[in-house]
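I opened this notebook to record, step by step, what I looked up in one protein structure. The entries follow the order of my reading.

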Amino acid sequence: MTPETDSMDVKVKELLNDLQLDPSCGEALDRYVSSIVGAMKEIPNQEVNLEYAAGFVRDLHVPKDKVGFLFKSPEVVQIGGSYSFGCVAKPDVNVDLLVRMPKECFHEKDYLNHRYHAKRCLYLCVIEKSLSLSPLVRKIEWSTFQNEARKPILIVYPVHELAVVSEFFIRIIPTANSLFITSRLNMSRNNVRAYKQGDMTQATPHYNSSILEDMFLEENAEFVKNTFQEWNSLKDALLLLKVWARNRGSIYLYDCFNGYLISIIMSYLAAGSSGNHINKSMNSMQIFRVTLKFISSSLWQKGLSLRRLGQSKLSKEDMTKYLQAFPVVLYDATGYTNLLFRMTKTAFSELQDEAARTLNYLDRSRGSGFEEIFMTKVDLAAKFDSSLRINFKENTKVKASDFCLDDECWRLFEKDVQCVLQQGLGDRAKLVRVTWESAPSSWDINEGFANFGHAPMLVGLLFSSEEKSFRVVDVGPHAENTEETTKFRKFWGEKAELRRFRDGTIAESTVWECGPGQRHLIMKRVAEFVLSKYFLVPKEDLVYITDQLDFCLLLGGKDPLASSASLFEAYETLSKHLRLLEDIPLRISSVQPVDPAFRHTAVFPPEPHPLAYERGISNKTPKFAATCVEPLKVLIQLEGSGNWPLDAEVIERTKIAFLLKICESLQNRRSFYCYATEAEVNVLVSGYAFNLKILHEKSLYLPRSQDGNQKIKVESYGDKKLFLQSQHSSMINALYGRYPTYGSVVRLAKRWVSSHLFSSSIAEEAIELLVAYLFLRPFPFHTPCSRITGFLRFLRLLSNYDWNFSPLIVDINEDFTTQDEREINDNFMSSRKSFEESSQHVEPAMFLATTYDKASEAWTKYSPTCGILGRMASYAKSSANLLTKLILLGQTGPYTWECLFRTPLDNYDAVILLHRDKLSYPHRLLFPTAISHGKTVIQGKASKDFHPLMELSGAAQSFDDARSKLLVNFDPTRFFLEDLKEEFPETFTVWYDSLGGGDAIGLTWNLKKRKRQEDDDSQSLLVDTLKGVGEVGKGFVKSVHLLKSPRFQRLNPCYSSNASYVYRKTLVSK
């Protein structure tokens, strides 16, 4: 047995222990259930009439004179479901009580026209009325059996909540053992006379199955109980399958899977006609695998029965007929009831896909994967690439339909929406999943179905691929195919058009025009069109989740990424001219862009600046232009030479000399404007600024400074960082080529990190690796094809990953060997040696391993710390919960999509507000910050020396004069923070937004709390410190606010009174 397999077995054992009920708890439940059973058996005989559930009977269209009967107490009350054989899975602890209604309460023809369902409900009304007076009962609620409105059940809550199981309840489910002659409920018969097509009545297989289910519920429950009795490994496997299915919310629904059906399938495999796929020598995980393999198999195509055909009442001819009526068939031991009559074809396909993918993952993960299989929540919000909420509450088509004929109207609308969307989307979507929880959360049985269908219908869409899903033109049938062309035009109406394509083909088509950066909206437009056409759904009643977060990536209503083509053209121009330079000692051998903008992961890639063009190029001059220009980092390497020095410091000076020479050559011979200092060289090309860096790989292998020279250490680290950036950029570019949605997800993630002031806590590259992990190891999900779904998974990964005990391995090239993984795990364990001493001083707290960095030294070695990572995880959890609610429920009250990017300032000890008109990019600010509490320590006036915009037209200044004032790589916020760090190195932790538009900076004190006694100087000391902060940022800081005053040991402020904040324009002078 391998260590991985052993770990899986240990975790499974612990999970099973957590799921099972405590014996003492079971005894308490048994006593309470027995008391409820006794109370029901003591209900006296009484006449029952329409008034008990007038609305329910009315909506079933049952005549008044057909529902009266004499109530008699239940013939038998027995425990059914998993509790009957000790297999309840916490936290969903409930008991099913199967209540057999006496035959005397019914007429022999009550199977017709919903008379049985009406009397069934009235029978429950008597029980509800009696139990509501019992001191044993706290409350009783009406619910539905598997979301079937015509089959209500009672939910009974005990008067005293059990300490171990707080939300325990009993489900009272009526049964109708031997009530009707089964042949009259054959699938080919019509038992709802109003269900016609023209003058011809239609078969009612769903209606008949609804009654047959009640007739054989006890018998099937007994079959399952006998199979599981005294078989512990089978019980454990059932618990595991319940957890597996429960976490996958879209398959654990009324039209797909539930605990009862899982136990039925396992009983079939263990004791049915399958030939005993499961035997008692197997352990729980082996049974788990066998069951998933069976679910994903093709055996279902022929239809299945718990008893062999011929041994039960079911013949092969019957099975053929039933396969025509139902997409999935599993008949019970009697041969009368299809236990899967509610399961839809789409739901079953999804179930098979989940089972097959889980099996595949188990085989590939070599015994690991416990968290992904049993612990990860796969709900609709995170699973599907996009989802729709359709409000049919006031829809005229729904209101005009009968509630119940063969199937209920809500199920029929599900099928219709499914059909229309599948035809409209075609191969754009590989799965369209439609569900409608039609029952209200609180049901008054007297109101009937009046409040059913008020909740929105939910639709989940899994995209086929970005190429298919986001295509602009759908090509239909060729013009000469008259029959298909007629169908196409009938379906699409005015949207269909005949087009001639480049290859000469003339065919019908639909065209979905979209602007730059809007192709992700095409699926939305298709869905809105077909739903509006066929269901008369107005736009306000249809919410398609796809672009709700686009607002945080737009500038002036446009996505700056849409103009990135000019950025790559400018880079190609620069690269070409660099390679052609001949008047430098060594030719340039390679040029590589390493800025996030070139790998499509920059939140705001720079746009062309009118002052950043070469000499002689004239462009239309806008009235205003930005004062600051963000440079894009470009890495260059020189051809090999044996004349390079071997001293690290001399190498750095040589590189600077090369850069200055390159700058001079570009400026003199190629008409480029260059800005050069000892720190950096920036070149203006085609509207963009490029920051040139030279990587000399030999310096990576030089011995590190023996004399302890800190400057040389920094320079050596600079080369290593450039090398890591080079490796990282290459890999991320390759990943983006495979998954274009990756870039949008990273941009949302970075925007979220910055909005919550975590910019100084986690590197951009680390965020890119976290998102890369979601695309490379998506299980239990599919690879995301939409930005919102990917962003939700990012938040959940950040909040739920076990950072203390698990390295996050990002295998971008998917070529890690077992040896590589062992090396990474050894590095990780080495980094966790100090965990037992102090969990707050582990480095790195976030262990990210890649091909080029197996020890997580590149991006997360020192930050985030354990404390900061915990804070980020807490924020991410809160945001993920809100985003999930917004996707599934929509905006409620103050909780809007914008709230995801609003950070709570109450979590900081002090807050600095900056003058918005002094920020380098104020148009990037999402929400202006306002402080309404705390103490205002200082307020300052804005400096007149800097403005983010400069005037270009009119008599203000000439073009050359304006260019001389252009500030390349200048960000006042960054320089202000550097000054703060210099003046207050140990006083507080700074939290800020690095995108250039944040107007708030948070401060938290780095001070040890002292014993609980008053310190008269503490408040004034804090105020003095914050006044010093304001003085450092004089002209830039608008105000400083003290929100919290912690008790602390005496502070020795590092602030010097003569320190003041100065804009460093000299750093960007020519």
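**Entry 1**

I began with Asp427, which sits in the loop between α15 (409–425) and β13 (429–435). I note that the model is a predicted one.

I then looked up its partners. Setting aside residues up to four places away in sequence, Asp427 touches Ser464, Lys468 and Arg471. I also checked Asp474, which is 47 residues from Asp427 along the chain; their C-alpha atoms are separated by 9.9 Å.

**Entry 2: The annotated domains**

I consulted the UniProt record, an unreviewed entry, which places the feature "domain: Nrap protein" at residues 95–229, 234–377, 382–534, 560–735, 739–888 and 905–1010. For residues 382–534, I noted 33% helix and 23% strand, with the end C-alpha atoms 28 Å apart.

**Entry 3: The nonpolar cores**

How many residues does the largest nonpolar core have? I recorded 115 residues, and those with the most contacts inside this core are Met40, Ile127, Leu131, Ile170, Ile172, Val417 and Val459. Helix α4 (residues 115–131) supplies the largest share of this core, 10 residues. Apart from this core lies another, of 78 residues, including Leu724, Val753, Leu792 and Leu795.

I finally examined Ile170. Leaving aside neighbours within four places in sequence, Ile170 is in contact with Tyr32, Val33, Ile36, Val95, Leu97, Leu154, Ile155 and Val156.

Key:
Residues are numbered from 1 along each chain as its sequence is written. This is a predicted model: local features need pLDDT of at least 70, side-chain atom pairs count only at pLDDT 80 or more; totals for chains, interfaces and linings use all residues. Side-chain values use heavy atoms; hydrogens and water are left out. UniProt positions are given in the numbering used here, feature names are shortened, and annotations may be inferred rather than shown by experiment. Helices (H or I, at least four residues) and strands (E, at least two) are DSSP runs, numbered from the N terminus. A nonpolar core is a set of buried Ala, Val, Leu, Ile, Met, Phe, Trp, Tyr and Cys residues joined through side-chain atoms within 4.5 Å. Buried means under 20% relative accessible area, exposed over 50%, partly exposed in between (1.4 Å probe, protein chains only). Contact means heavy atoms within 4.5 Å.
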